[in-house]
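Me: I am new to this structure and would like to go through it in questions and answers. Please show it to me.

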Amino acid sequence: MHRPPDGAQDDRGSVRGAGNCASNHDGAAVAPESATANGGTPPDLGTPTTFILLRHGETALTPEKRFSGSGGTDPELSDTGRHQATRAAAALHERATIDAIVASPLKRCQETAQAAAARLNLDVTTETGLRETDFGAWEGLTFKEVRDRHPADMDAWLASQDAPPTGGGESFAAVAARVAATRDRLTGTYRGRTVLLVTHVTPIKTLVRLALGAPPEALFRMDLSAASLSTIAYYADGNASVRLLNETAHLR
């Protein structure tokens, strides 16, 4: 049995690093085209489209490790979450040149994005494709509560990416399809630019998984902290490179 992904509970996480790894745009691994046949210069693919992925700050549900998706109460940031958003915004102002900000419509992401927008002097564009999973009847419950009330559904959900949560929520496969379509749309819109995406655990993990060409169960093997930063670069030949995962130095 896999442990539940931290996206399910809108919490968990320790700092993990990830090196560069190429994949095609649909998530299947490919050999990197890093040099010409004469052993010389790598191809000039131009400026990549770079997504800086910021997970929203904490809400009141985060420390309690409760399912908090797009089908629940839509909580706002807690005082801790607002502090985290402010710290993340300051770090982005110091470290990155960002051309645009795109955020999930949920309140916790909109608040986190507005903190960054104020520091970066940018507007926030809302993108519904960046919303968190709809966890159905599990919204607001802890993992243990779901295990006690819906054990068969929980087992199925952990075993198959096609199984939805109880009560008509989204499966991991449905979320992956939504996130991949959103990625393709945004990389086309912002080609060659650096974009801050303010979103949630499952969309961020899904973008990382697809960039690495990793299987669906890789979602269970990543940790992602509140207000953490991750970065993916997308190249003109369809390859992607994960440059940063779950960086939290700005919160210390």
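**Packing, rings and cavities**

Reply: The buried residues of helix 3 pack against strand 1, helix 2, strand 2 (100-103), strand 3 and strand 4 (194-199). Helices (H or I, at least four residues) and strands (E, at least two) are DSSP runs, numbered from the N terminus. This is a predicted model in which local features need pLDDT of at least 70 and side-chain atom pairs count only at pLDDT 80 or more, while totals for chains, interfaces and linings use all residues. Residues are numbered from 1 along each chain as its sequence is written, and side-chain values use heavy atoms, with hydrogens and water left out.

Me: Which residues of helix 3 are buried?

Reply: Buried means under 20% relative accessible area, exposed over 50%, and partly exposed in between (1.4 Å probe, protein chains only). Helix 3 covers residues 107-120. Its buried residues are R108, C109, Q110, T112, A113, A116, A117 and L120.

Me: How far does helix 3 reach from its first C-alpha to its last?

Reply: The expected span of a helix is 1.5 Å times one less than its number of residues. Helix 3 has 14 residues, with 20 Å expected. From first C-alpha to last, helix 3 is close to that value, at 20 Å.

Me: Which residues have the most contacts inside the largest nonpolar core?

Reply: A nonpolar core is a set of buried Ala, Val, Leu, Ile, Met, Phe, Trp, Tyr and Cys residues joined through side-chain atoms within 4.5 Å. The largest one has 35 residues. Its largest share, five residues, comes from helix 7 (residues 201-212). The residues with the most contacts inside this core are F67, M154, W157, L197 and I232.

Me: How many residues does the second, separate core have?

Reply: The second core includes I52, C109, A116 and A117. Of these, C109, A116 and A117 are among the buried residues of helix 3. This second core has 16 residues.

Me: What is the angle between the planes of F135 and W157?

Reply: Rings of Phe, Tyr and Trp (its six-membered ring) pair if their centres lie within 6.5 Å; planes under 30 degrees apart count as stacked, over 60 as edge-to-face and the rest as tilted. F135 lies in the loop between strand 3 (124-126) and helix 4 (143-149) and W157 in helix 5 (residues 151-159), so the pair ties together parts that are 22 residues apart in sequence. F135 and W157 are both buried. Their pair is edge-to-face, 6.5 Å centre to centre, and the angle is 80 degrees.

Me: Is P164 buried or partly exposed?

Reply: P164 lies in the loop between helix 5 and helix 6 (172-189). Leaving out residues up to four places away in sequence, P164 touches W157, G169, E170 and S171, where contact means heavy atoms within 4.5 Å. Because its relative accessibility is 40%, P164 counts as partly exposed.

Me: Which residues line the largest cavity?

Reply: On a 1 Å grid over the protein atoms alone, a cavity is a set of points where a 1.4 Å probe fits but cannot get out, and lining residues have an atom within 4 Å of a point. The largest cavity has a volume of about 40 Å³, a volume being the space filled by probe spheres set on the points, which are joined across faces, edges and corners. Helix 6 and helix 7 are the elements that give two or more residues to its lining. The lining residues are Q161, F172, A176, T206, R209, P216 and L219.

Methods. On a 1 Å grid over the protein atoms alone, a cavity is a set of points where a 1.4 Å probe fits but cannot get out, and a pocket is an open set with protein on both sides within 12 Å along at least five of seven lines; lining residues have an atom within 4 Å of a point.
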